[in-house]
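Hello,

Here is the structure I promised to pass on. Please open it next to this email, and the notes below will walk you through what turned up.

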Amino acid sequence: MSKADTPSNRLRMLWLVPPVALGIFALTSLVGSKPAPVKVKQAEVVHAVRTISVPQVNLRPMAEGYGVVQPAKVWSAVAQVSGRIIEMHPRLRDGEIIPEGTLLFRIDPVNTELALEQLKAQLLELEVQQQNTSELLEIEQRNLTLAQRESARLQELANKGTTSRSSADSAERSMLNSRSAVQNLRNTLALIPTQRRVIDAKVRQAQRDLENTRIEAPFNLRIANLTMETDQYVTTGQKLFEGDGVDRAEVIAQVAISSMAKLFTHHGKTAPNPLQMSEGLAEYADLHPVIQMDMGDHPAEWEAKFVRFTDRIDSETRTIGAVVAIDKPYKKIIPGQRPPLSKGMFVRVQLHGRVQPKQLIIPRTALRNGRVLSVDQEQRLKISELKVLYHQGEVSIIDPQSTIKAGEQLVVTDLIPAVAGMRLQPQPDTLLQQQLNAAGVTP
């Protein structure tokens with residue numbers, strides 16, 4: 001008999017049966033008394049989003065470009081006569097503004113005055129020569145008359161044989177000499193008017209040279225690139241300085257061709273004749289240029305006039321030069337706010353076109369690959385495709401035939417992921433709405 005089969009071991013195993021049975025009974029009772037699991041319905045997630053109402057506004061299209069200020073007129077002071085500078089205006093220095101008609105400098109006129117006196121003396125001499133020639137012509141004509149009579153008389157006698165043929169020939173020779181003298185004097189008198197005209201022309205040229213020794217400002221100008229001083233000898237054709245006109249300034253702004261198209265659409269006016277484009281283009285598109293310059297804490301602005309487009313398009317940047325002008329730029333100074341519009345300033349030019357009525361506009365940031373998000377009547381997300389006419393700054397102008405209509409709630413929050421039909425809780429973005437409405441203009 002083994003140890004495991006002893007009576008004591010069997011008795012010990014029997015004592016384990018009641019506790020195990022009791023545990024099984026308790027577990028069965030607990031499982032049977034537990035209630036059945038209840039199915040809980042999960043609530044739909046609602047996403048809070050910022051929204052704006054799509055406005056319909058009267059919009060003024062605008063194209064923008066940059067350029068450098070330059071004077072509309074530039075005058076080059078070139079010496080038209082040679083001589084020594086004997087007088088200069090005390091303010092004839094780079095940067096000085098000198099009024100129209102002011103004497104700028106004088107060139108020594110002595111040589112021109114002497115040449116003019118010589119020509120006047122030649123005119124007097126010519127008058128004396130004409131008078132003397134006229135008197136000589138009168139005398140020679142009388143001599144010719146006498147010679148003709150003598151020649152005729154001797155010719156008649158020679159024919160009768162009462163005088164020699166040599167005497168008749170000598171008289172005829174004398175008559176021909178007198179006729180030649182008369183003809184020479186007549187030629188001399190005929191040439192005198194031509195000689196007088198030549199001398200008169202030289203006199204006028206000398207008088208003009210004398211006037212050119214005094215150089216006056218042809219218009220209100222600002223001196224630049226001065227290269228002369230008092231007592232300096234200058235020669236004809238020498239460039240002395242430049243004068244920039246201050247009555248009008250121009251800016252040639254390079255504007256993208258793509259942004260120019262919106263200025264000439266949606267206004268319903270007949271295009272001007274191609275031969276009158278430069279005159280009627282501003283009126284046709286109702287162009288109102290504004291020149292702006294960054295002053296750091298604020299921009300300075302000038303209202304300008306559209307003048308013309310330049311004659312070429314930049315093939316690299318695809319821009320065209322738009323020339324705008326401002327009159328009396330130095331009289332439009334506001335101390336501390338607007339400086340004088342001077343040569344060389346780098347400025348921005350905005351070309352505002354004709355007002356386009358009832359345009360639908362949305363923030364440019366609301367576009368997502370040609371689609372926009374909006375809130376439908378059931379407060380759910382709607383995804384719509386739309387066509388953009390053009391962009392202007394932070395605003396996009398959309399085609400009125402698009403599915404988005406004026407007054408719809410547009411979602412401006414980035415939803416990731418954006419699933420059509422998802423539940424939304426719109427929250428109006430008042431600030432963005434105000435900024436968007438401000439893009440419109442009062443008709």
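Let me start with the largest pocket, where helix H7 gives the largest share of the lining, three residues. The pocket holds about 350 Å³ of space. Its lining is made of 17 residues, and the closest to its centre are Gln-392, Gly-393, Glu-394, Val-395 and Ala-439. Strand E22 (395-398) and helix H7 (430-437) are the elements that give two or more residues to this lining. A pocket here is an open set of points on a 1 Å grid over the protein atoms alone, where a 1.4 Å probe fits, with protein on both sides within 12 Å along at least five of seven lines; lining residues have an atom within 4 Å of a point. The volume is the space filled by probe spheres set on the points, which are joined across faces, edges and corners.

Before going further, please keep in mind that this is a predicted model: local features need pLDDT of at least 70 and side-chain atom pairs count only at pLDDT 80 or more, while totals for chains, interfaces and linings use all residues. Residues are numbered from 1 along each chain as its sequence is written, and side-chain values use heavy atoms, with hydrogens and water left out.

Now the overall picture. The chain has seven helices and 24 strands; these are DSSP runs numbered from the N terminus, with helices (H or I) of at least four residues and strands (E) of at least two. Of its 443 residues, 35% count as buried, meaning under 20% relative accessible area, with exposed over 50% and partly exposed in between (1.4 Å probe, protein chains only). Among contacts (heavy atoms within 4.5 Å) between residues at least 6 apart in sequence, 76% join residues at least 24 apart.

Helix H3 is worth a look. With 51 residues (110-160), H3 should span 75 Å at 1.5 Å a residue, and its end C-alpha atoms are 74 Å apart, which agrees. The expected span is 1.5 Å times one less than the number of residues. The buried residues of H3 include Leu-116, Leu-119, Leu-123 and Leu-126, and helix H4 (165-211) is among what covers the buried residues. An α-helix has 3.6 residues a turn, so residues three or four places apart point the same way.

Next, the aromatic rings. Rings of Phe, Tyr and Trp (its six-membered ring) pair if their centres lie within 6.5 Å; planes under 30 degrees apart count as stacked, over 60 as edge-to-face and the rest as tilted. That rule gives four aromatic pairs. One of them is the stacked pair of Tyr-66 and Phe-346, at 5.7 Å centre to centre with 10 degrees between the planes. Tyr-66 lies in strand E3 (residues 62-71) and Phe-346 in strand E17 (residues 346-352), so the pair ties together parts that are 280 residues apart in sequence. Tyr-66 is partly exposed, at 38% relative accessible area, and Phe-346 is exposed, at 56%.

Phe-105 and Phe-241 form an edge-to-face pair, 6.2 Å centre to centre and 80 degrees between the planes. Phe-105 sits in strand E7 (residues 103-107) and Phe-241 in strand E11 (residues 239-245), 136 residues apart.

Finally, the loop between strand E23 (409-411) and strand E24 (424-428) holds Met-422. Met-422 counts as buried at 12% relative accessibility, and its contacts beyond four places in sequence include His-47, Leu-415 and Pro-417. The C-alpha atoms of Met-422 and Glu-44 are 9.0 Å apart, although 378 residues separate them along the chain. Pro-417 is in this loop too, joined to Ile-416 by a cis peptide bond with omega about -5 degrees. Most residues other than glycine have a negative phi, and most peptide bonds are trans. In the loop between strand E9 (221-224) and strand E10 (233-234) you will find Asn-225, whose phi is positive, about 55 degrees.

Best wishes
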